[in-house]
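Visitor: I would like to learn how to read a structure with some care. Could you take me through one, feature by feature?

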Amino acid sequence: MRVLVVDDSSTMRRIIINTLVKLGHQDFAEAANGLEGLERAAEGVFDLIITDWNMPGMSGLEFIRTLRAQPSERRIPVLMVTTNAAKDDIVEALRAGVDNYVIKPFTPDTIREKIDAVTGRAA
Amino acid sequence: MDAQLVQCLTESTCEVFRTMVACDLEPGTPLLGEAAQPRSHVVGTVGFGGSRLGLVAFHGSLDAAREIAGRLLGISAGEVRGEIADAIGEVTNMIAGSFRTRMAGRGESWAISIPTVTVGTDFSITPRGYGQRAVLPFRMPNHGDLFVELLLTSR
Ligand SMILES: [Mg+2]
């Protein structure tokens, strides 16, 4: 499984990648904002996108809106990892095309469950 | 200072440290007004605006910041090099973001900024034009005191 991890914090990207490695995944690309995320997504094929919301330049929400508006043969599952956890935030993210949501701060179990859920590995 | 704000910010800080840093902070008594001036080596700040306007600042020593960065990254504090600023920025972002969510449940509606981090040895923050100020002390076992500062602009 190839995963694109988009977050302006290199620390948060590392935390997410450490979790993915523990889940047995090894193939990653990273981006620090929405624009870089679109560039990476155009360059390669991904099975999962994990993105932050608040980032300088292009936000995660704009990134996913733009990605979903592009013609594509398949719909890449998107997991949003963000501190934005008010009810209105979650509604807005789901409308933009996010499939599932992890609220920061998170436990390794939570992110593991959500990754399994969006990639269809949930029991 | 509204006691609800202080309580929500205390809860947010403890939650971030418990969940992401595997550390139970011991909150102390909040200091209100201009009395307290945390002297720290690493300061992360996140501004917020909307139904209220202000700033959340996280203060820690270099030793504490290195320990926090190491725990977040899954490496020892001794291996931490250039990651301190980014790690403290993300901790401040998570504290401010959780605080925003808690206050949203109490009718407040804010947007928060991207974090800014200052690392140095001889500086202090002098807020101008802020209406209210609270400094929340926390003890990080074996790593001294951390402070989370809340500044509110009066309108
Ligand atoms: Mg971010």
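Visitor: What share of the 155 residues of chain B counts as buried?

Guide: A residue counts as buried when its relative accessible area is under 20%, and in this predicted model that holds for 48% of the 155 residues of chain B. The accessible surface of chain B comes to about 6,700 Å², with 49% of that area belonging to carbon and sulfur atoms.

Visitor: How many helices and strands does chain B have, and in which pattern do they follow along the sequence?

Guide: Chain B has three helices and eight strands, and reading along the sequence gives α-β-β-β-β-α-α-β-β-β-β. The radius of gyration of chain B is 15 Å, close to the 15 Å that the globule rule gives for 155 residues, so chain B is as compact as a globular protein of that length. Among contacts in chain B between residues at least 6 apart in sequence, 68% join residues at least 24 apart.

Visitor: Which residues coordinate the magnesium ion?

Guide: To read a metal site, one looks for the donor atoms around the ion, and here they come from Asp8(A) (OD), Asp52(A) (OD) and Asn54(A) (O), at 2.1 to 2.6 Å. Asp8(A) sits in the loop between β1 (2-6) and α1 (10-22) of chain A, while Asp52(A) sits in the loop between β3 (48-51) and α3 (60-69) of chain A, so the pair ties together parts that are 44 residues apart in sequence.

Notes: Residues numbered from 1 in each chain as written. Chains lettered and ligands numbered in written order. Predicted model: local features only at pLDDT ≥ 70, side-chain atom pairs only at ≥ 80, totals over all residues. Heavy atoms only, no water. Helix = DSSP H or I, 4+ residues; strand = E, 2+ residues; numbered from the N terminus. Rg over C-alpha atoms; globule rule 2.2 N^0.38 Å. Buried < 20%, exposed > 50% of the residue type's maximum accessible area, 1.4 Å probe, protein only. Contact = heavy atoms within 4.5 Å. Areas by Shrake-Rupley, 256 points an atom, 1.4 Å probe, with all protein chains shown as cover. Donors = N, O, S within 2.8 Å, 3.2 Å for Na, K, Ca; no water.
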